Amino acid sequence: MRAAILIDLTRCSGCEACVLACKEINGLPPDKDGAGLSATKWTTIEKRGGLNVRRNCMHCVDPACVSVCPVGALQKTAEGPVTYDEDRCMGCRYCMVACPFNMPRYEWDSPLPRVRKCQMCFQARVKEGKAPACTSACPTGASQFGDRDALIQEAQARIAAEPGRYIDRIYGVREAGGTSVLYLSSVPFEALGFPTSVQSDPYPQLTWNVLSKLPNVVAVGGVLLAGVWWVAKRKDAVAREATRHNGETGGSSAPEAEAKKEARS
């Protein structure tokens, strides 16, 4: 099973049971400002477009954050969740730059800062076959946990059964190559603050497309650098030869040097 979460925004009451459940199971402190995702708030409810919009890590099928992490602190598990190992993290924050959904947060005020984000309760629940704490706590069924393919079929069935209730789009099926958190809505996603210009190809593929061209770039650049090096070395050799020649002739011109040589003989 590829674990995923389907969030039906038309069913969310905004009770924030998911937010509290996330904090409890992860031992997160109370919010300082009470708004938005942060290093101490991995799931949040935003009020947009007349809906209660739950946001947390999208757990991409092919995550950009994992592809850019130089030390393997972020991993895509076989079960689906994207996890984080703080013992490996070196604090480069490349993951924050790479994420097309702007999900990872950083402990800026900590002397030993970490990257923080939802891990879909992988170690505590999903690894043992249990649903994440957030979906288990949802009293309205707005969040549903299960196999990604099965949830996509469920979302398609809901749209077909109630076309007047939903827009004809399941957010997360193709975005960034697909995500493990899927959304249904009655309002266009761009009106809810979702990045709708996210490409459909996996973001790590962009990285590979660039890196695959590097051998040619390096080869051409190497030839050019070799040419520059040869010209510089040639100039140095000519300069040294001229200096040596002038030293032997006392700095005189060639005819003068020849005349002095004949006079000495």
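These exercises work through a predicted model of one protein chain.

Local features are used at pLDDT of at least 70 and side-chain atom pairs at pLDDT 80 or more, while totals for chains, interfaces and linings use all residues. Residues are numbered from 1 along each chain as its sequence is written, and side-chain values use heavy atoms, without hydrogens and water.

**Exercise 1. The whole chain**

Task: State how many helices and strands the protein chain has, and what percentage of its residues count as buried.

Solution. 
Step 1. Helices (H or I, at least four residues) and strands (E, at least two) are DSSP runs, numbered from the N terminus. The chain has eight helices and nine strands.
Step 2. Buried means under 20% relative accessible area, exposed over 50%, and partly exposed in between (1.4 Å probe, protein chains only). Of the 265 residues, 37% count as buried.
Step 3. Contact means heavy atoms within 4.5 Å. Among contacts with a separation of 6 or more, 59% link residues 24 or more positions apart.

**Exercise 2. Cysteines**

Task: Find how many disulfides the model has.

Solution. 
Step 1. A disulfide is a covalent bond between the sulfur atoms of two cysteines. Here the test is a pair of cysteine sulfur atoms within 2.5 Å.
Step 2. The count by this rule is zero disulfides. For Cys18, the nearest cysteine sulfur belongs to Cys12 and is 6.3 Å away. For Cys95, the nearest cysteine sulfur is that of Cys92, at 6.4 Å.
Step 3. Cys18 counts as buried because its relative accessibility is 9%. Cys95 is buried as well, at 7%.

**Exercise 3. Helix α1**

Task: Name the buried residues of helix α1 and the elements they pack against.

Solution. 
Step 1. Helix α1 covers residues 17–26, and its buried residues are Cys18, Val19, Ala21, Cys22 and Lys23.
Step 2. An α-helix has 3.6 residues a turn, so residues three or four places apart point the same way.
Step 3. The buried residues of α1 pack against β2, β3 and α4 (133–137).
Step 4. After α1 comes Gly27, with a positive phi near 65 degrees.

**Exercise 4. A hairpin**

Task: Decide whether strands β2 and β3 pair in the parallel or the antiparallel sense.

Solution. 
Step 1. Two strands pair if DSSP finds at least two bridges between them.
Step 2. Strand β2 (residues 44–48) and strand β3 (residues 51–55) have five bridges, in the antiparallel sense. Thr44 has Arg55 in β3 as its bridge partner.
Step 3. Two residues stand between the strands of this hairpin, and Gly49 has a positive phi near 55 degrees.

**Exercise 5. Ser143**

Task: Describe the surroundings of Ser143.

Solution. 
Step 1. Ser143 belongs to strand β8 (residues 143–147). Ser143 is buried because its relative accessible area is 9%.
Step 2. Beyond its neighbours within four places in sequence, Ser143 is in contact with residues including Ile5, Ile7, Arg54 and Thr135.

**Exercise 6. Nonpolar cores**

Solution. 
Step 1. A nonpolar core is a set of buried Ala, Val, Leu, Ile, Met, Phe, Trp, Tyr and Cys residues joined through side-chain atoms within 4.5 Å.
Step 2. The largest core has 31 residues, and Leu9, Phe101, Tyr171, Tyr183, Leu192 and Phe194 touch the most other members.
Step 3. Two or more residues each come from β1 (3–8), α1, β3 and β9 (181–184). The largest share, three residues, is from β1.
Step 4. A second, separate core has 10 residues, including Ile152 and Leu182.
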